[in-house]
Amino acid sequence: MRSGKIFGLEYGKRQTIIFYIALFTLLVWTVTSEGKDKSITRFVSKDQGGALSISSSKMTLNNQMNTILFEGNVIVEQDTMTLKADVVDVVFETVLESEKKLMDGVDSKRSLSTITATGNIKFMHGDRTVYANMVVYSKKGEMMVFTGSPTIQEGLDKLKGEKITVFILEDRVVIEGGEAIIHPK
């Protein structure tokens, strides 16, 4: 039986085989784990409309600008709505100095102002799915404006336009410069 030294220790044929199997396993595990999402950031905010959850590969908080920028595989979830995008920029209402004085000693809370999502937009709500290149959600007015070849798909029905505005509370959709393919039931 052949023997030698590895890392200063005596070894035989059996130890050599075990060493190479362990090394192979370590290399395969390292290579296969590279494709998995290593870092997911998660932001959760409770508002009047229920908890808002945002996950992404990267999150940048800017307190002076009242913004949080989410980048990479962004998923925004609230109640039955889900939004997927490449980048999402969340802007909060500015708290005025006079309001800060009133909130001394009270846990201050920022209110959501707008959410701007760009890149490979997929918005799902019930049976309705909207595809676009950009969407801006405005808390004031509870509306979403989709641009960049927006398309709404609901079952076999399809609506396309240059700009699609969804008024969430009214369950109303306005399509500008588009067409509709509707299958009567």
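Predicted model: local features only at pLDDT ≥ 70, side-chain atom pairs only at ≥ 80, totals over all residues.
User: Which residue forms a salt bridge with K58, and how far apart are the closest N and O atoms?

Analyst: General idea first. Side chains of opposite charge can pair when their charged atoms come close. Here the cut-off is 4 Å between the side-chain nitrogen and the carboxyl oxygen. The partner of K58 is E71, with the closest N and O atoms 3.8 Å apart.

User: Which parts does this pair tie together?

Analyst: Two strands. K58 lies in β5 (residues 58-62) and E71 in β6 (residues 67-78), so the bridge ties together parts that are 13 residues apart in sequence. E71 has 27% relative accessibility and therefore counts as partly exposed.

User: How many salt bridges does the rule give?

Analyst: The count is five. Another of them joins E154 and R128, whose closest N and O atoms are 3.1 Å apart. That pair links distant parts of the chain: E154 is in strand β11 (residues 151-154), R128 is in strand β9 (residues 128-138), and 26 residues separate them.

User: Are E154 and R128 buried, exposed or partly exposed?

Analyst: E154 has a relative accessible area of 35%, which makes E154 partly exposed. R128 is partly exposed too, at 23%.

User: With which other residue does R128 form a salt bridge?

Analyst: With D171. The closest N and O atoms of R128 and D171 are 3.7 Å apart. R128 sits in strand β9 and D171 in the loop between β13 (163-167) and β14 (172-176), so this bridge ties together parts that are 43 residues apart in sequence. D171 has 59% relative accessibility, so D171 counts as exposed.

User: What do bridges that share partners join?

Analyst: One network. R128, E154 and D171 belong to it.

User: Now S55. Is S55 buried or exposed?

Analyst: Apply the cut-off again. Under 20% means buried. S55 has a relative accessible area of 8%, so S55 is buried. S55 lies in strand β4 (residues 50-56).

User: Which residues does S55 touch?

Analyst: Leave out residues up to four places away in sequence. What remains is I40, T41 and R42, along with N73, V74 and I75.

Key: Residues numbered from 1 in each chain as written. Heavy atoms only, no water. Helix = DSSP H or I, 4+ residues; strand = E, 2+ residues; numbered from the N terminus. Buried < 20%, exposed > 50% of the residue type's maximum accessible area, 1.4 Å probe, protein only. Contact = heavy atoms within 4.5 Å.
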